[in-house]
Amino acid sequence: MAAASLNKNNSAVKRIMQEAKELANDPSTDYSAAPLEDDIFEWHCTLRGPAGTDFEGGLFHFRILLPAEYPFRPPSIMMLTPNGRFELNTKICISFTNYHEELWQPAWGVRTAIIGLQGFFPLKGQNAVGVGSIEYPSGERKRLAALSREWVCPHCKESNLDILPDPPAAVNLSSSSAAPPPNSALAAAAPPPIDTPPKETLPTDSPTEPPIDAPHEPVETMHSIDTLVPSGSPGSVGPLPPRPAPFIARAGAETPIAGIVQEARQQTQRKTSLLLVDGAICVLLVLAFAILCRKIV
Ligand SMILES: [Zn+2]
């Protein structure tokens with residue numbers, strides 16, 4: 001494993017590094033996972049107990065072991081934090097682990113496994129039966145969930161709460177005020193290991209990079225526009241705001257923008273000078289009219 005993890009041309013290593021990068025770039029408030037520094041094939045993950053269940057408020061740490069043939073063979077999961085749902089230090093039997101190899105799909109990834117495990121927490125009765133499953137009473141599970149937050153992984157040497165802090169209050173409010181999340185999470189979580197192909201795993205780098213580039217161009221053109229547009233005159237604040245929109249829309253053509261901006265600037269200058277000219281013309285017309293009237297009289 002150690003030798004394989006050093007070989008960056010190894011397809012499994014490449015894939016795992018890609019997943020690690022994707023998870024780091026797009027973190028979740030529900031779980032935190034990363035490969036060990038000395039073995040990329042072993043990950044440690046802290047997972048939040050599903051809301052609306054005995055495990056709510058709990059934080060559970062577990063190992064994810066990836067085979068050398070990953071992603072063509074599934075990962076194994078071994079729970080480390082006492083939880084009352086899964087045995088400790090035992091490979092858990094769920095459809096995406098090596099107990100059900102035939103159900104694993106290479107398009108799935110570590111994130112799929114974590115989300116799937118979260119969905120397995122609340123299962124009860126016949127659905128919960130399997131290797132590594134245990135069914136503690138509700139009260140005991142709640143007690144373990146409360147204790148789990150301060151549980152420290154001997155390897156990571158950090159408590160679960162340090163690894164996965166509670167999300168900000170605003171997020172808590174929104175998630176608790178919306179009662180459906182736990183139910184919908186359960187509903188969505190139960191089938192995923194078998195049916196839902198993980199949409200999140202594959203689009204890792206390619207979608208993240210282009211969007212970063214794309215907004216850059218408009219932003220830059222915006223800056224250049226800002227510098228071009230006269231900023232001093234407070235009187236012109238009214239007409240200014242609507243301008244950026246058409247500029248952004250036409251960001252593709254750069255030369256017309258400069259022309260438009262210049263024209264706009266000239267127009268504001270013209271408007272003020274035109275007012276003066278208009279006034280002068282009015283005065284002259286009145287004078288001319290008065291002279292004509294006097295001549296006629
Ligand atoms: Zn750990």
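## Helix α4: two sides

On one side of α4, G139 and A146 are exposed. The buried residues of this helix are R141, L144, A145 and S148. Viewed down the axis of α4, these buried residues fall within an arc of 105 degrees, so they line one face of the helix. They pack against β3 and α5 (160-163).

This is a predicted model. The sections below move from the whole chain to its sheet, its core and then some single residues.

## The chain as a whole

The chain has 10 helices and four strands. Along the sequence the pattern reads α-α-β-β-β-β-α-α-α-α-α-α-α-α.

Of the 297 residues in the chain, 25% are buried. Take the contacts with a separation of 6 or more: 60% of them join residues 24 or more positions apart.

## The sheet

Four strands form an open sheet. Their order is β1-β2-β3-β4, and the pairing is antiparallel. The edge strands are β1 and β4, each of which pairs on one side only. From one strand to the next, the twist averages 25 degrees.

β2 and β3 run antiparallel and are joined by seven bridges. In this pairing, R48 stands opposite L59 of β3. β3 and β4 also pair in the antiparallel sense, over four bridges. Here R63 stands opposite M78 of β4. I64 has I77 as its bridge partner in β4.

## Around the sheet

Is β3 enclosed or open? Five of its seven residues are buried, so β3 is largely enclosed by the rest of the structure. Part of its surroundings is α4, whose buried residues pack against β3.

Another helix, α2, lies across β1 and β2. α2 runs at about 145 degrees to β1.

## The nonpolar core

In soluble globular proteins, nonpolar side chains tend to be buried together. In this model, the largest nonpolar core has 33 residues. Those with the most contacts inside it are A33, C45, F62, I64, V110, I114 and L117. Several elements give two or more residues to this core: α2, β1, β2 (39-48), β3 (59-65), β4 (76-79), α3 (110-120) and α4 (138-148). α3 gives the most, with six residues.

V110 shows how such a residue connects. Leaving out residues up to four places away in sequence, V110 touches E19, L23, A33, W43, I64 and P75. Two of these partners, A33 and I64, are also listed among the residues with the most contacts inside the core.

The peptide bond from Y70 to P71 is cis, with omega near 5 degrees. P71 sits in the loop between β3 and β4.

Two residues other than glycine have a positive phi. Phi of N89 is near 55 degrees, and phi of K157 is near 60 degrees. N89 is in the loop between β4 and α3. K157 is in the loop between α4 and α5. Are these residues buried or exposed? N89 has 10 C-beta neighbours inside 10 Å, so N89 counts as exposed. K157 has 8 such neighbours and also counts as exposed.

T29 lies in the loop between α2 (11-25) and β1 (31-36). How far is T29 from P167 in sequence and in space? The two are 138 residues apart in sequence, but 6.2 Å apart in space, C-alpha to C-alpha. T29 has 14 C-beta neighbours inside 10 Å, so T29 counts as partly exposed.

## The annotated region at 274-293

The UniProt record, an unreviewed entry, places the feature "transmembrane region" at residues 274-293. In the model, that stretch is 100% helix and 0% strand. The C-alpha atoms at its ends are 28 Å apart.

Technical notes. Residues are numbered from 1 along each chain as its sequence is written. This is a predicted model: local features need pLDDT of at least 70, side-chain atom pairs count only at pLDDT 80 or more; totals for chains, interfaces and linings use all residues. A residue is buried if 20 or more other C-beta atoms lie within 10 Å of its own, exposed if 12 or fewer, and partly exposed in between; C-beta atoms are placed from the backbone. Two residues are in contact if their C-beta atoms, placed from the backbone, lie within 7 Å. A nonpolar core is a set of buried Ala, Val, Leu, Ile, Met, Phe, Trp, Tyr and Cys residues joined through C-beta atoms within 7 Å. Two strands pair if DSSP finds at least two bridges between them. The arc is that of the directions from the helix axis to the C-beta atoms. Axes are lines fitted to C-alpha atoms, for helices over the stretch in contact, and angles run from 0 to 180 degrees between N-to-C directions. UniProt positions are given in the numbering used here, feature names are shortened, and annotations may be inferred rather than shown by experiment.
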